Amino acid sequence: VRRNAGELEFHQAVSEVLASLEPVLEQRKDLRDACILHRLVEPERQILFRVPWVDDAGLVQVNRGFRIQFNSAIGPYKGGLRFHPSVNAGILKFLGFEQVFKNALTTLPLGGGKGGADFDPKGKSDAEVMRFCQSFMTELQRHIGADTDVPAGDIGVGSREIGFLFGQYRRIRNEFSGVLTGKGVGWGGSLIRPQATGYGLAYFAQEMLNTRHVSLEGKICAVSGSGNVAQYAVEKINELGGRVVTLSDSSGVVYDPEGIDAEKLAWVMTLKNVRRGRISEYAAAFKVEYYAGQRPWMIPCDCAFPCATQNEINAEDAATLLANGCTLVAEGANMPSTPTAIQQFQAANILFAPGKAANAGGVATSGLEMSQNALRMNWSREEVDARLHGIMIKIHQDCYNTAAAYGQQGNYVAGANIAGFLKVADAMLAQGVI
Ligand code: NDP
């Protein structure tokens with residue numbers, strides 16, 4: 001704790017994982033002797049840099065850029081870039097740490113990392129975002145590469161930002177390589193990558209419901225956020241027969257009891273991805289309720305899909321969800337439920353899946369984009385979607401079976417942490433003290 005003073009989210013993520021690993025470490029003296037845990041919680045490398053840029057008024061602005069290269073025991077560092085004013089080392093270390101386990105669960109050869117900047121793209125012009133991205137990449141480019149570290153998007157980094165970042169990398173390095181994922185389909189991107197996290201989340205939820213012999217058909221679903229993950233979660237939940245009644249952003253939540261169908265979702269995609277507007281406009285357009293400053297968890301639902309940010313479901317929200325009859329919580333965002341909220345879900349014996357398992361479809365499809373880049377080939381939409389679906393089924397099986405093997409049937413937190421840990425820890429053990 002002293003060594004990582006003030007890094008609250010990092011402590012939270014590490015505590016959750018370490019608690020799950022106790023039964024494994026009791027059995028595995030070799031891992032204890034090799035000090036695997038001490039090595040695992042220390043990033044291999046942390047890069048911190050200045051990002052100077054010029055705004056539209058001609059004034060010089062300075063932001064702080066980061067890349068946390070957490071663990072490369074099973075493959076090149078892989079993980080998103082987040083542009084948000086809240087970004088700091090503690091948040092990126094929590095995200096990088098989680099990414100190590102998530103990437104191991106995907107069955108692909110991917111290490112874990114995370115990066116970003118305390119830059120807020122909201123309210124900036126396209127030209128300002130481009131100048132920021134170019135300055136950010138001017139420094140980052142010396143630390144990354146297709147076989148070293150392959151960043152992707154995250155909050156505040158979508159296709160526009162990936163385009164500017166990739167352009168600057170290509171220009172400085174004079175090479176066209178798979179150094180970033182989430183690229184446009186015409187220049188090295190993979191079909192289904194934009195959809196992958198949201199689709200994967202719905203596939204995972206479907207597998208969870210199967211264990212109780214029910215399905216998403218007819219289920220009332222609450223989704224938070226209205227960005228990349230939320231949008232495609234809604235699309236797939238609709239396809240699987242669920243009815244999504246909420247979306248939100250950092251200003252508030254809309255409640256549409258009739259359901260956010262394909263037509264309304266297309267409107268939201270234009271609002272958020274093209275016009276870059278606020279979700280409150282949905283309420284005016286479709287004549288539904290808008291609750292300023294609220295999150296969706298007070299709305300009665302069968303299934304909850306937090307897809308916005310960390311710690312967005314607290315103990316009080318969890319109690320409300322349970323009181324209203326919610327039977328499944330699957331995390332699209334990273335660590336959206338606080339530890340007490342998770343304890344409440346588990347005590348109530350509802351289905352609960354942590355982000356590192358349920359939202360792994362995004363990074364898995366990034367891994368598929370890397371494979372296509374290495375092969376210099378493009379797979380069809382159907383092929384990528386089928387691989388994504390297969391990977392989500394496999395992650396679910398691994399989590400479910402691993403939890404059962406350690407006497408914790410149905411505990412997806414334990415299953416994900418243990419299965420991810422064992423893969424990375426055994427690789428570290430085999431590679432010596434490095
Ligand atoms: P986007 O930037 O596309 O969307 C984020 C959404 O969450 C926006 O609606 C945003 O609202 C809202 N939000 C962000 N911060 C806050 C906050 N502090 N309070 C309330 N709402 C907030 O990001 P993504 O959809 O890509 O990411 C969402 C989550 O999913 C993150 O936790 C991310 O780490 C995780 N994730 C993303 C993956 C991906 O492939 N994109 C993969 C795996 C996980 P506003 O516009 O008002 O800020």
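How many helices and strands does the chain have?

## Overall composition

The structure is a predicted model. Its chain has 16 helices and twelve strands.

A compact globule of 434 residues would have a radius of gyration near 22 Å, and the chain, with 21 Å, therefore agrees with that expectation. Along the principal axes, the C-alpha atoms fill a box of roughly 60 × 55 × 45 Å. Of the 434 residues, 52% are buried. Among contacts in the chain with a separation of 6 or more, 74% join residues 24 or more positions apart.

Strands of a sheet pair through backbone hydrogen bonds, in either a parallel or an antiparallel sense. In this chain, five strands form an open sheet with mixed pairing, in the order 1-2-4-3-5. Strand 1 (45-54) and strand 5 (149-152) are the edge strands, each pairing on one side only. On average, neighbouring strands of this sheet are turned by 20 degrees against each other, direction ignored.

Strand 3 (residues 77-83) pairs with strand 5 in the parallel sense over four bridges. Gly80 stands opposite Ala152 in strand 5. Helix 5 (residues 126-140) packs on the sheet, where it touches strand 1, strand 2 (60-71) and strand 4 (112-117). The direction of helix 5 makes about 145 degrees with that of strand 1.

## Surroundings of the ligand

There are 23 residues around the ligand, and those that come nearest are Gly227, Asp249, Ser250, Ala333 and Gly362.

How values were computed. Residues numbered from 1 in each chain as written. Predicted model: local features only at pLDDT ≥ 70, side-chain atom pairs only at ≥ 80, totals over all residues. Near = placed C-beta within 6 Å. Helix = DSSP H or I, 4+ residues; strand = E, 2+ residues; numbered from the N terminus. Rg over C-alpha atoms; globule rule 2.2 N^0.38 Å. Buried ≥ 20, exposed ≤ 12 C-beta atoms within 10 Å, placed from the backbone. Contact = placed C-beta atoms within 7 Å. Pairing = 2+ DSSP bridges. Axes fitted to C-alpha atoms, helices over the stretch in contact; angles between N-to-C directions.
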